[in-house]
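Reader: I have a chain open and a few things to ask about it. Can we go through it piece by piece?
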Amino acid sequence: MMSGNRKQRVALSPVKEAAAVPKEEVWEVRPGGMLVQKRSPDADPPPVPTIRVKVKFNGVYHEIYINSQASFGELKKLVSEKTGLHPDDQKVVYKDKERDSKAFLDMAGVKDRSKMVMLEDPAAKAKRLLEERRTSKAERAAKAIARVALDVDKLATKVSALETVASKGGKVVDADVATLTEALMRELVELDSIAADGDAKAQRRAQERRVQRHVETLDAIRAKNKAAAPSSNRTRRPAHLPPRPQNQQRRQFQPPAPTTATAPAPQTQTAASWDSFDLLSSVPPSTSAAAPVTSTTTPSPRLEWELF
């Protein structure tokens, strides 16, 4: 019995010695460059202390309670709740140095009751407003394109129905084709009025091409109707009338020839015969009576006058 107990003690002794050997420590490097001992995932993390920070903004100090291992970005969010200033428009200055939003408080040396200054960044505010305006414009364009796409879907169903009827040889009413074409053109004009950039612009182009395809389909249906119209609209001769002889030629209406009225010959008007007389002349009136005035251009003789 004694010998058996000794063997058991000898066999258990190496296990106790192995358990007594301490485990090898494992180290890790934190994001800030500090070398620390690696924590076991099964072990409970140590409690992180909460610190009180005094932030000065527009001459007023605001007390912020925050985790000591939080980032400056989280601090900006808490300050925004008290001041109303957007986190992206804030600039944190600690120890005369501007701090990045991704930096951590404990790495920057922030402790309990530390003081820092919060400033408004005009450049960051302008950049944020431009980005918000661009985003809002893209959202409005996307909503407008989606609304037009929904209307085009409804019209596409009607176009498909007309195309099916036309492909089977059925009669398609021209008024329906014209109504659908007008509706599609209105949607095309509305798409053209939407100002879009980037992805929204690509969506608008896709919808425009889709509308154009539907309009081309309606044009093909209208052309098919026009091609079939002469054979269907041809006038037929009534059954009670005898058939028209083949060699009978249709009388063509010829307008009457215009009567040419002979214009009367122009009447030559003779110039009125005037009696030329001279009161101061010595020629008697009977001799000065009148021969008709001719159209000769011979000059009349000059008479010599005597003064008495």
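Reader: Is R204 buried or exposed?
Author: R204 is buried, with a relative accessible area of 14%. Buried stands for under 20% relative accessible area, exposed for over 50%, and partly exposed for what falls in between (1.4 Å probe, protein chains only). Before going on: this is a predicted model, in which local features need pLDDT of at least 70 and side-chain atom pairs count only at pLDDT 80 or more, while totals for chains, interfaces and linings use all residues. Residues are numbered from 1 along each chain as its sequence is written, and side-chain values use heavy atoms, with hydrogens and water left out.

Reader: Which side chain does R204 meet in a salt bridge?
Author: That of E208, at 3.9 Å from N to O. A salt bridge here is a side-chain nitrogen of Lys or Arg within 4 Å of a carboxyl oxygen of Asp or Glu. Both R204 and E208 sit in helix α6, four residues apart, which is about one turn of the helix.

Reader: And E208, buried or exposed?
Author: E208 counts as buried, at 17% relative accessibility.

Reader: How many salt bridges are there in the whole structure?
Author: A search finds eight. One of them joins the side chains of E131 and R134, with an N to O distance of 2.7 Å. About one helical turn separates E131 and R134, because they are three residues apart in helix α4. E131 is partly exposed, with a relative accessible area of 43%.

Reader: What does R210 pair with?
Author: R210 forms a salt bridge with D153, at 2.2 Å from N to O. This pair links distant parts of the chain, as R210 is in helix α6 and D153 in helix α4, 57 residues apart. D153 is partly exposed, its relative accessible area being 35%.

Reader: Which residues are linked in a network?
Author: D89, R128 and E132 are linked by salt bridges in a network.

Reader: Now D121. Where does it lie?
Author: D121 is in the loop between β7 (115-120) and α4 (122-167). The helices (H or I, at least four residues) and strands (E, at least two) are DSSP runs, numbered from the N terminus.

Reader: What is I194 in contact with, sequence neighbours aside?
Author: Leaving out neighbours within four places in sequence, I194 is in contact with A141, A144, I145, V148 and R204. I194 and A144 are 50 residues apart in sequence, and their C-alpha atoms are 7.4 Å apart in space.

Reader: What lies over the face of Y61?
Author: K115 does, at 5.6 Å from the ring centre. The rule asks for NZ of Lys or CZ of Arg within 6 Å of the ring centre and within 35 degrees of the ring normal.

Reader: Last topic, the chain as a whole. How many helices and strands are there?
Author: There are six helices and seven strands. From the N terminus, the order is α-β-β-β-β-α-β-β-α-β-α-α-α.

Reader: What share of the residues counts as buried?
Author: 21% of the 308 residues in the chain. Of the contacts between residues at least 6 apart in sequence, 57% join residues at least 24 apart.

Conventions:
Contact = heavy atoms within 4.5 Å.
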